[in-house]
Amino acid sequence: MLKKIRKIAEQNLAGLLITIGTVVVVSFLHWVGAFDTLELKLYDYRFHSVRGPLTGWAAKDSTYIKHGTDVVLVEVDDEAWRLMPEEWPYPRGTIWARVVDNLSKAGASVIVFDIQFDSPEAKSEYLYDFAANLEDSTILDLLPEHGDRLFGKSIADAMGRGTEVVINVKMVTEPSRYPPQYIAMPVKELLHSDPETGLINDYLDEDGFARRYSIAGYLDHEPEKAYLTLGMKAVKAFAGIGDSVLPIHDHENNIWQYGPYSIKALSRSNTFLTNYYGPASGYKLRDSNVPKWGTYPHYSLAYIIDTEEITLRDPMEDIDWMDQFLPGKMPEWILAIEDSVERQEMIEMMGLGAEFDIANSPFYNKIVLIGVSVEIVHDVKSTPYYNFLGVPQLMPGVETHANAIQTILHDNYLRVMGDRLVDIIGMGYPLSHLWLLLLICIITFIMIAFVNPVIAGILVLIEILMYFAVACGLFTADLWWFLKFVAARVFPDSFVNGHPGWFSTPLPGIGESLLIPIAMPIAGIVLTYTSNVIYKFLNEQKDKKFLKSTFGTYISPELIDQMYENKKEPKLGGDEGYHTAFFSDIQSFSSFSEVLDPKRMVSLMNEYLTEMTNVLLNRQGTLDKYIGDSIVAFYGSPMPVEDHEYQACMTALEMDERLAELRAKWLSEEDWPEIVRNMQHRIGLGSGDIVTGNMGSTMRMNYTMMGDTVNIASRLESSAKQYGVYIQVMETTQRAVKDQFEWRFLDYVRVKGKRVPVKVYELLAEKDKMADDLAAAVAAFHEAQNHYFNQDWNRAIKAFKEAEKLEIMFPGRNTNPSTIYIPRCEHLKKNPPEKDWDGVWTLTSK
């Protein structure tokens with residue numbers, strides 16, 4: 001196999017160089033980001049259509065549910081917008097302070113705000129400013145405590161209970177300020193309680209999608225100081241990592257080590273790919289009874305604030321929901337149960353009263369992220385699940401932090417070939433990408449080298465499909481993914497609630513998803529195939545042009561195409577083989593010049609030779625040359641013609657038919673002399689070993705034939721006039737096709753210049769197409785011929801004279817086979833041959 005591949009490579013060196021060139025070009029395009037947009041979309045496709053969600057509805061049996069999620073979402077959603085007792089932006093003292101109190105008492109480990117508090121609370125500021133402008137300064141003492149101070153106290157109280165609080169900050173750039181970059185910190189009243197702060201600056205790809213998450217940000221004027229992002233600060237607080245511990249970058253392995261966590265970063269960056277666990281938690285399925293997807297447990301802010309002390313806008317929904325998770329609290333709706341036994345059962349089931357267990361709280365030991373999902377605020381991001389189940393769906397910005405946090409806590413990083421799929425320029429080209437591209441392009445080249453472009457095209461499509469299937473299978477940790485994907489669509493009963501077949505594919509385990517490039521290798525496959533096919537086409541046209549320039553005047557265009565397709569290019573010099581020689585000549589051609597001027601003679605010959613040559617080429621003959629009015633040709637070279645004897649015989653018969661049509665045409669044209677209207681030609685055919693090839697001098701060559709068979713066929717053409725026949729054929733030719741044509745055995749003759757006698761035949765017609773009068777003449781001739789070979793001269797002479805009467809004569813035919821045997825019989829009667837006479841007659845002239 002290796003030898004065959006090596007041989008093909010040698011024969012296709014140019015194609016191999018083109019393939020290597022393609023690898024270089026595609027690698028460069030990959031390096032400069034030409035495939036980045038498509039690669040990113042294929043990255044998303046693997047999330048929303050191949051692997052599917054790791055948690056949430058219909059993923060309940062996944063290993064991720066067993067691991068559990070450490071994040072709970074609290075959102076300002078449509079429900080909160082409708083039910084909250086105060087308008088947005090919510091006051092910090094009466095709303096946010098209570099939220100922090102309730103969550104910390106419900107056992108939250110970390111409370112993370114994805115809401116900015118970098119300016120004073122508007123409501124408190126307004127009241128204090130209004131009171132300060134009044135003449136009665138005592139009114140200030142009557143005002144409620146400033147909302148920021150209340151909020152700060154709640155944060156401090158929560159931290160006193162063991163709940164860490166993280167507030168977001170933003171890196172801002174103001175060109176008119178010096179330094180232009182700064183961190184927009186929360187108001188000082190909040191900072192007094194010493195919460196953690198984390199950056200929320202988005203890291204978006206070129207198409208505006210959030211796929212990566214930053215570990216830290218840096219101010220231009222403080223490049224050595226790292227400001228950790230909101231998700232990283234949440235992890236820090238959750239894991240109890242000390243302030244003195246900073247992320248350390250292992251450049252060799254592209255790992256950021258932060259306390260117990262090894263964050264797998266992309267090449268030469270402080271970002272990592274977020275392994276999104278599913279679509280937005282509030283995602284509503286089409287045509288489903290399931291209200292929301294629920295990637296992460298999520299609750300409306302209205303539920304968190306809903307205690308006995310707070311009245312929601314809709315009394316029907318004011319059920320003091322949060323009281324059930326607060327120690328010492330008993331929701332009014334439980335107290336309203338009249339049946340004491342039923343009330344006690346509900347208290348015990350809810351874990352309230354003396355048996356209250358904070359571990360039953362959904363917030364217990366969780367990272368609670370608080371953010372805004374209501375559409376009017378526009379804090380939403382496009383993520384890989386944007387087109388999940390074919391419905392465009394944005395994700396609340398707070399949930400992007402949740403996915404990043406959970407990726408770190410589960411150590412569930414996406415493994416990436418070469419540590420980078422896009423944005424390679426300036427980051428060092430991953431050699432693994434180069435080897436992958438080279439391998440895939442070489443496979444494509446081998447397919448093109450082995451088979452024709454059409455079949456290779458089909459194989460290339462299969463190669464693309466297989467590579468795509470493998471790439472998707474590696475991402476979902478199931479190389480059979482594609483077959484299962486197809487089977488789920490062929491057998492729709494395998495669907496779950498009418499949704500696609502990823503439900504039947506096991507989800508990958510922690511850290512098992514592997515990302516390899518798709519767009520770049522497929523581009524390499526397509527360009528390798530296209531460039532090689534274009535080169536082959538151009539080279540083929542060049543070779544065909546060469547063949548046509550060399551053989552276009554000798555053989556038919558179809559035969560030239562066959563020569564190229566079979567890679568049977570002619571050799572310089574001789575090539576011996578078994579072929580059929582063809583000679584034709586116009587009867588009494590010298591007489592034509594006596595009655596035609598040169599111009600008319602040329603016109604006549606051009607018309608005659610054109611028609612005869614067309615017949616010759618249509619029958620796969622190779623034109624050797626014209627010699628005046630003569631045509632010299634052969635069959636079976638330079639391209640093999642399996643039935644060359646048959647094709648030669650059909651050529652002779654069709655030339656006779658075409659000449660008859662020309663005679664009729666010339667007869668209708670009054671200006672042609674009688675000799676033209678009665679034109680006849682003679683043909684000689686012979687099959688045997690013939691040497692064909694380019695012969696001549698180094699200055700000028702001609703593709704021609706040589707050999708004893710050639711000489712005999714030439715003699716048969718010239719000697720045909722002695723018998724009064726028009727197609728004379730060697731026995732070797734007749735024997736090969738004797739059952740396909742009608743024949744007259746002419747003679748056993750030794751042609752002039754040859755010692756070895758040959759049997760010669762007259763070709764009369766195709767099988768069963770001979771005219772009755774001609775058949776009668778031939779039968780009489782053969783009967784007389786039997787007497788001749790039996791040396792019964794008297795009976796032979798009598799029989800030949802009877803046959804002579806049946807011979808068909810026409811203008812220009814001066815004799816016939818029966819006529820020429822009569823004087824020969826008379827000669828042999830006077831000069832009897834030996835008793836062992838073999839019947840050979842020696843011709844004394846050509």
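Does Met466 count as buried or exposed, and at what relative accessibility? In this predicted model, Met466 counts as exposed because its relative accessibility is 54%, and the cut-off for that class is over 50%. The residue is found in helix H17, which spans residues 453–475. Met466 also contributes to a nonpolar surface patch of about 550 Å², made together with Val454, Ile455, Ile458, Leu459 and Ile462.

Strand E7 (residues 216–219) and strand E8 (residues 222–228) run antiparallel and are joined by 3 bridges. One of the residues involved is Gly217, whose bridge partner in E8 is Tyr227.

Side chains of opposite charge can pair when their charged atoms come close. The structure holds 33 salt bridges, including one between the side chains of Arg211 and Asp205, with an N to O distance of 3.0 Å. Arg211 counts as buried because its relative accessibility is 1%. Asp205 is likewise buried, since its relative accessible area is 7%; the cut-off for this class is under 20%.

Another salt bridge brings together the side chains of Asp671 and Arg600, again at 3.0 Å from N to O. This pair links distant parts of the chain, 71 residues apart: Asp671 lies in the loop between helix H23 (644–668) and helix H24 (674–677), whereas Arg600 belongs to helix H22 (residues 598–618). Asp671 counts as partly exposed because its relative accessibility is 48%. Arg600 is also partly exposed, with a relative accessible area of 23%.

Glu607 forms a salt bridge with Lys665, and their closest N and O atoms are 2.9 Å apart. Because Glu607 lies in helix H22 and Lys665 in helix H23, the pair ties together parts that are 58 residues apart in sequence. Lys665 counts as partly exposed, at 34% relative accessibility.

Elsewhere, salt bridges that share partners join Lys41, Asp44, Asp205, Asp207, Arg211 and Arg212 into one network.

Methods: Residues are numbered from 1 along each chain as its sequence is written. This is a predicted model: local features need pLDDT of at least 70, side-chain atom pairs count only at pLDDT 80 or more; totals for chains, interfaces and linings use all residues. Side-chain values use heavy atoms; hydrogens and water are left out. Patches are made of residues with over 30% relative accessible area and no salt bridge: like charges are joined within 9 Å, nonpolar side chains (Val, Leu, Ile, Met, Phe, Trp, Tyr) within 5 Å. Accessible areas come from the Shrake-Rupley method with a 1.4 Å probe; for residues, only the protein chains shown count as cover. A salt bridge is a side-chain nitrogen of Lys or Arg within 4 Å of a carboxyl oxygen of Asp or Glu. Helices (H or I, at least four residues) and strands (E, at least two) are DSSP runs, numbered from the N terminus. Buried means under 20% relative accessible area, exposed over 50%, partly exposed in between (1.4 Å probe, protein chains only). Two strands pair if DSSP finds at least two bridges between them.
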